[in-house]
Amino acid sequence: MNFSRLKTSHLNTWLRKATSQQPPPRFAGVKTKRYKAGPLKIKYITQTSTRPPSFALFVNRRVPTADTIPETYFRYLMSSLKKEFGLPPPINIQIAKSKTKK
C-alpha cells in the first residue's frame, strides 16, 4: 500500500489536539542552570519519509534522547497518530531539538 506524504499543517493540528487531550509530562531530575525540571514542550512534527511512515518530533530539550519522552506518552502519541491518519505499522518517530531563536 502506498501512502502519500502528510502535510505538516495537518500533523501539527493533530499534535495540538493530542497534547491538549493529554498534556506532556514534566521533566524529572535535578535543577541546574543548564537543566530545568519542568513541562516537556513538543513544538512541532513533520514527516520525513513515507516508507515506512517516519516523523521528526521537535521538543524543547537541549540534547533529545530516548528518555526525553516517557514510553507511555510516546506510545500514546504513536497510537493517536496511527488512528488519526490510518497509518500502517511500523511507524518511526525520531526526537529532535527544536531550533531556538537568537
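The following legends describe close-up views of a predicted model.

In this predicted model, local features need pLDDT of at least 70 and side-chain atom pairs count only at pLDDT 80 or more, while totals for chains, interfaces and linings use all residues. Residues are numbered from 1 along each chain as its sequence is written, and side-chain values use heavy atoms, with hydrogens and water left out.

**View 1. Strand β2 and its burial.** Strand β2 covers residues 54-59; helices (H or I, at least four residues) and strands (E, at least two) are DSSP runs, numbered from the N terminus. Six of the six residues of β2 are buried, so the strand is largely enclosed by the rest of the structure. Buried means under 20% relative accessible area, exposed means over 50%, and partly exposed lies in between (1.4 Å probe, protein chains only). Ser54, Ala56 and Phe58 point one way from β2, whereas Phe55, Leu57 and Val59 point the other way.

**View 2. The strand partners of β2.** Two strands pair if DSSP finds at least two bridges between them. Strand β1 (residues 42-49) pairs with β2 in the antiparallel sense over six bridges, and the two form a hairpin with four residues between them. Within this pairing, Ser49 has Ser54 of β2 as its bridge partner. Strand β3 (residues 92-97) pairs with β2 in the parallel sense, over six bridges. Here the bridge partner of Phe58 is Ala96 in β3.

**View 3. The surroundings of Ile93.** Ile93 belongs to strand β3 and is buried, with a relative accessible area of 11%. Not counting residues up to four places away in sequence, Ile93 touches Phe55, Leu57, Phe74, Met78 and Leu81, where contact means heavy atoms within 4.5 Å. Met78 is 15 residues from Ile93 in sequence, and their C-alpha atoms are 8.1 Å apart.

**View 4. Aromatic pairs.** Rings of Phe, Tyr and Trp (its six-membered ring) pair if their centres lie within 6.5 Å; planes under 30 degrees apart count as stacked, over 60 as edge-to-face and the rest as tilted. By this rule there are two aromatic pairs. The rings of Tyr44 and Phe58 are stacked, because their centres are 4.4 Å apart and their planes lie at 15 degrees. This pair links distant parts of the chain, with Tyr44 in strand β1 and Phe58 in strand β2, 14 residues apart. Tyr44 is partly exposed at 33% relative accessibility, whereas Phe58 is buried at 16%. Tyr73 and Tyr76 form a tilted pair, 5.5 Å centre to centre with 45 degrees between the planes. Both lie in helix α2 (residues 71-85), three residues apart, about one turn of the helix, and both are buried.
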